[in-house]
Amino acid sequence: DYYDAYLATYNLTNTQMGVFGSILGVFGMISYLFGGMVADKFSTRTILTVSLIGTGLGGFVHLLPLSYAQLVVLYAFWGVSSLFAFWPACIKAVRILSDSDSQGKAYGFFEGGRGVGAALMAMGAVAAFRVGIGAMNDEVLGMKYCIVYYSVITILMGIFCFFTVKEDIKSEDAKVSFKGIGEVIRHPAVWIIGIVTLCNYVFTMSLYYFTPYSTSILGATVTFAATLAAMKRWFSLFGNIG
């Protein structure tokens with residue numbers, strides 16, 4: 001939501017920003033391949049707590065005067081910390097909390113609630129950005145305020161998970177093997193879901209570039225573009241639950 005301000009803060013080009021997204025995606029893809037196995041082997045509460053706190057601490061590292069190469073490493077770390085076992089653990093938690101006849105509803109409410117949560121946090125980030133820029137219109141300081149805001153929120157959510165998520169009972173008989181992975185890959189439904197997810201991600205990720213388009217091409221302010229992006233998230237409530 002703060003694409004242009006982010007580029008200005010760290011003296012980046014559009015190409016470098018694209019590399020960050022690619023690094024995040026590549027490491028995320030690798031993480032997803034093995035994250036499900038980790039989610040079945042370890043405590044859901046531990047995974048969620050470590051992932052969230054680690055991601056938040058990475059945000060504070062981001063405030064340091066990092067070089068381009070160091071930022072690449074940080075984004076690779078985020079690709080692991082925020083995706084490796086975090087999302088598989090989330091999906092597992094939703095599945096455990098719902099019975100076989102209501103999983104569609106459970107995931108719909110999960111995604112809808114996540115969208116509302118993201119919208120509320122985005123509105124808070126807009127406020128933090130506006131406080132940061134102050135009367136001097138210092139977008140660099142505003143961007144750093146946003147990073148601190150999201151980092152603190154993420155760490156607090158990790159602590160919240162530690163005290164609220166119940167320990168799940170892991171089956172000692174559940175063993176993961178490459179043979180089992182091969183059997184899963186041969187299921188046509190897995191490939192269909194994968195293709196659907198790919199198409200969804202391409203569209204969803206493309207929407208993020210509407211913010212720099214509105215500021216660079218349409219001449220909107222950073223605050224207005226970020227507010228517009230935050231409003232977009234509210235429709236997740238209706239779309240996912242519906």
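Tutor: Residues are numbered from 1 along each chain as its sequence is written, and side-chain values use heavy atoms, without hydrogens and water. In this predicted model, local features need pLDDT of at least 70 and side-chain atom pairs pLDDT 80 or more, whereas totals for chains, interfaces and linings use all residues.

Student: Why is the pair of Tyr149 and Tyr150 called edge-to-face?

Tutor: Rings of Phe, Tyr and Trp (its six-membered ring) pair if their centres lie within 6.5 Å; planes under 30 degrees apart are stacked, over 60 edge-to-face, and the rest tilted. The centres of Tyr149 and Tyr150 are 5.3 Å apart and their planes stand at 70 degrees, so the pair is edge-to-face.

Student: What makes Phe163 exposed or buried?

Tutor: Buried means under 20% relative accessible area, exposed over 50%, and partly exposed in between (1.4 Å probe, protein chains only). Phe163 has 65%, so Phe163 is exposed. Phe162 has 39% and is therefore partly exposed.

Student: How do you know that Arg45 lies over the face of Phe162?

Tutor: The criterion requires NZ of Lys or CZ of Arg within 6 Å of the ring centre and within 35 degrees of the ring normal. Arg45 lies over the face of Phe162 at 4.7 Å from the ring centre.

Student: Which residues have the most contacts inside the largest nonpolar core?

Tutor: Such a core is a set of buried Ala, Val, Leu, Ile, Met, Phe, Trp, Tyr and Cys residues joined through side-chain atoms within 4.5 Å. The largest has 23 residues, and those with the most contacts inside it are Tyr2, Tyr6, Leu12, Met17, Phe129 and Met143.
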